[in-house]
Amino acid sequence: MLFIVGAVVVLVCVAGGYIMHGGVLGVLWQPSEFIIIFGAAIGAFLIANSKHVVTETGKTLPKAIFGGGTSQKLYLDLLGLLFDIFNKARREGMMSIEADIEVPAESGVFTRYPTLLKNNRIIEFLTDNLRIMTTSNLAPHEIEAMIDTEIETQLHELSEPSHAIHRVADALPGFGIVAAVLGIVITMQKLGGPPEALGQSVAAALVGTFVGIFAAYGFIGPMSNRLQEVADAEIKMFECIKAAIVATSNGLPPQMAVEFARKTLYSGERPSFSELEEHIRSR
């Protein structure tokens, strides 16, 4: 919700200052300029990115604007799931979780966490690495190196929407200039006409420059930063899983493996030791 609050603050302050200076808001309403600037920006976005990046950007934008991404509750569910899996493996042997990781949607362990089960990327990452633990004799440092490589790849992929939007923000001032130049071309065609008409035409052209710069630095640029924060928060879940798997590979009990995982989280979302213990007991 902070995104919406910030957007309202930007609009109110810029429009309010303009009005206080004697400006008329109606002059800023130039639909043709908006079509040139934002239409060209959308077209450039489609040219520069693959279908996958466009789709992922569309999926991630609502999380950036309205929230609903990772939260302390989701982290608690992940830590609880990790504890349940490794506790079962410690009591019944690693092969006992084979059925769980093959079909998570039918697993008695995974189905305790329906919200987490909907995140296909996280579930696939977890089950793939658990499968390697159960079917290979890799040393802990080899498992860690392999997971690090995958996390690096995941971070690159999750960051693509942020980079794509950032490139749009960089292009918007240029498209604003394009709109302004076209407006000046129209103004030149009106030379010799009434001064009022020339003034309106110049004003409309300058609105293009204003809109391009305003949209780039007031909305699209900050949106790209927010998208990167969403990606970083999701990567924390991968790092959390990695810490638990490596700790378990080194022979640590589930309680300590989950504690290693908890320590990887940022302080703002990281549950306390007692909160995690209570959550695990409630399950």
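Apart from neighbours within four places in sequence, F110 is in contact (heavy atoms within 4.5 Å) with L81, I85, D100, I101, P104, L117, I123, L126 and T127. The model is predicted: local features need pLDDT of at least 70, side-chain atom pairs count only at pLDDT 80 or more, and totals for chains, interfaces and linings use all residues. Residues are numbered from 1 along each chain as its sequence is written, and side-chain values use heavy atoms, with hydrogens and water left out.

F110 lies in the loop between α5 (98-102) and α6 (114-117). Helices are DSSP runs of H or I with at least four residues, numbered from the N terminus. F110 has a relative accessible area of 1% and is buried. Buried means under 20% relative accessible area, exposed over 50%, and partly exposed in between (1.4 Å probe, protein chains only). L81 is 29 residues from F110 in sequence, yet the two are 6.9 Å apart in space, C-alpha to C-alpha.

Helix α2 (residues 31-48) has 18 residues. From first C-alpha to last, α2 reaches 25 Å, close to the 26 Å expected at 1.5 Å a residue. The expected span is 1.5 Å times one less than the number of residues. E33, F34, I37, A41 and F45 are the buried residues of α2. They cover an arc of only 105° around the axis, which puts them on the same side of α2. The arc is that of the directions from the helix axis to the C-beta atoms. Against these buried residues pack α3 (51-66), α8 (140-189) and α9. The face of α2 turned away from the buried side carries the exposed residues I35 and I47.

Helix α9 (residues 195-249) also packs with helix α10 (residues 254-262). The angle is about 150°, and the axes are 7 Å apart. Axes are lines fitted to C-alpha atoms, for helices over the stretch in contact; angles run from 0 to 180 degrees between N-to-C directions. In α9, C240, A243, A244, A247 and T248 meet A257, F260 and A261 of α10. By class, this contact of α9 with α10 has seven nonpolar, one polar and no charged residues. Ala, Val, Leu, Ile, Met, Phe, Trp, Tyr, Cys and Pro count as nonpolar, Asp, Glu, Lys and Arg as charged, and the others, Gly among them, as polar.

Helix α11 (residues 273-282) has L276, H279 and I280 as its buried residues. Seen down the axis, they fall within an arc of 95°, so they line one face of α11. These buried residues pack against α4 (72-92) and α10. Exposed residues E278, R281 and S282 sit on the face of α11 turned away from its buried side.

Conventions. Helices (H or I, at least four residues) and strands (E, at least two) are DSSP runs, numbered from the N terminus.
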